[in-house]
Amino acid sequence: MTDSPFTIALIYDFDGTLAPGNMQEYDFIPAVGKSNKEFWSEANALAEEQDADMVLSYMARMIQTARSNGVSLRREAFRESGRHVTLYKGVREWFGRINAYGAARGMRILHYINSSGLKEIIEGTEIAHEFRRIYACSFLYDVDGIAYWPAVAVNYTNKTQFIFKINKGVESVFDSRLVNQYIEEDKRPVPFRRMIYVGDGSTDIPCMRLVKNYGGHSIAVHSPRPRARAAT
């Protein structure tokens, strides 16, 4: 793909940006018999005790609590959880509206997720098909299809790597060679100046700053309803 003046990338955080609260709170946390406060407190305490990354700690806590409570760790079960996620008003209709707006002006609009939430849950939501790529945390699965270890952990700083992947047209998480390869700015598929980053929290600040520093735009969204503080 070559640089096109008609390609715009809209990049979204998920929790608190497209949906209220944290995606694990809709189905997974109730299924393991925890309150939201209890689960996130345990995950954050584990991170502090082990001096560990909070995202990796919440993923470890998901595996631990699911195993001890007989809750399925299959990819399909996480996707089923995604079907319970409630979106903010207007999100469902947003994609069709903005795509039509862009098309009427000769623009191609690509949508991406860049989230510290779980990719498998997002894949189960009703808007998953709207995204060209979902960059988010995910698990490794054994031969029986059961999650046993983190595959990708997306925290507030390594979120920025996915901005560069979008910029250079590298869709694979695994591929670190192409994303670090020099490409002239005018030959990059999605220049930074044609990116719009949409997020709601402190984990989005590095991405917002990166996009703005290179000529793009960042939009902070705010819910009037308070949300519980979590590792994500």
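## Salt bridges, helices and a surface patch

Visitor: Which residue meets the side chain of R92 in a salt bridge?
Guide: In this predicted model, the N to O distance of the pair is 3.7 Å. The partner of R92 is E93.

Visitor: Is E93 buried or exposed, or does it lie in between?
Guide: Buried means under 20% relative accessible area and exposed means over 50%. E93 has 42% relative accessibility, so it counts as partly exposed.

Visitor: How many salt bridges does a search of the whole structure find?
Guide: The E93 and R92 pair forms a salt bridge, and so do K159 and D204. For the whole structure, the number found is twelve.

Visitor: Which residue forms a salt bridge with R132?
Guide: The closest N and O atoms of this pair are 2.6 Å apart. The pair links distant parts of the chain, with R132 in the loop between α6 and β3 and its partner, 39 residues apart from it, in the loop between α7 and β5. R132 is partly exposed at 36% relative accessible area. Its partner is E171.

Visitor: What is the relative accessible area of K159?
Guide: K159 forms a salt bridge with D204, with their closest N and O atoms 2.7 Å apart. The two join distant parts of the chain, K159 in the loop between β4 and α7 and D204 in the loop between β5 and α8, 45 residues apart. D204 is buried, with a relative accessible area of 0%. K159 is also buried, and its value is 0%.

Visitor: Which residues are linked with R61 in a network of salt bridges?
Guide: R61 is found in helix α3, residues 54–68, and is buried, with a relative accessible area of 18%. Leaving aside residues up to four places away in sequence, R61 touches K34, F39, E42 and A43. The salt-bridge network joins R61 to K34, E38 and E42.

Visitor: How long is the polar contact that joins the side chains of R61 and E42?
Guide: E42 is among the residues that R61 touches, and both belong to a network of salt bridges. Their side chains are joined by a polar contact of 2.8 Å.

Visitor: What arc do the buried residues of α4 cover around the axis?
Guide: The buried residues of α4, a helix of residues 75–82, are F78, S81 and G82. They lie on the same side of α4, because the arc they cover is only 105°.

Visitor: Which exposed residues does α8 carry on the face turned away from its buried side?
Guide: In α8 (residues 205–213), the buried residues are C207, M208, L210 and V211. Their arc around the axis is only 165°, which puts them on the same side of α8. What covers them includes β2, α7, β5 and β6. The face turned away carries I205 and N213.

Visitor: Which residue with a positive phi follows α8?
Guide: Helix α8 spans residues 205–213. The residue that follows has a phi near 100°, and it is G215.

Visitor: About what area does the nonpolar surface patch made by L140, Y148 and W149 have?
Guide: L140 lies in strand β3, residues 133–141. At 34% relative accessibility it counts as partly exposed, and a patch residue needs over 30%. Together with Y148 and W149, L140 makes a nonpolar patch of about 330 Å².

Methods
Residues numbered from 1 in each chain as written. Predicted model: local features only at pLDDT ≥ 70, side-chain atom pairs only at ≥ 80, totals over all residues. Heavy atoms only, no water. Patch = residues over 30% accessible without salt bridge, like charges linked within 9 Å, V, L, I, M, F, W, Y side chains within 5 Å. Areas by Shrake-Rupley, 256 points an atom, 1.4 Å probe, with all protein chains shown as cover. Salt bridge = Lys/Arg side-chain N within 4 Å of Asp/Glu carboxyl O. Helix = DSSP H or I, 4+ residues; strand = E, 2+ residues; numbered from the N terminus. Buried < 20%, exposed > 50% of the residue type's maximum accessible area, 1.4 Å probe, protein only. Contact = heavy atoms within 4.5 Å. Polar contact = N/O pair within 3.5 Å; in protein donor to acceptor, adjacent residues only side chain to side chain. Arc of directions from axis to C-beta.
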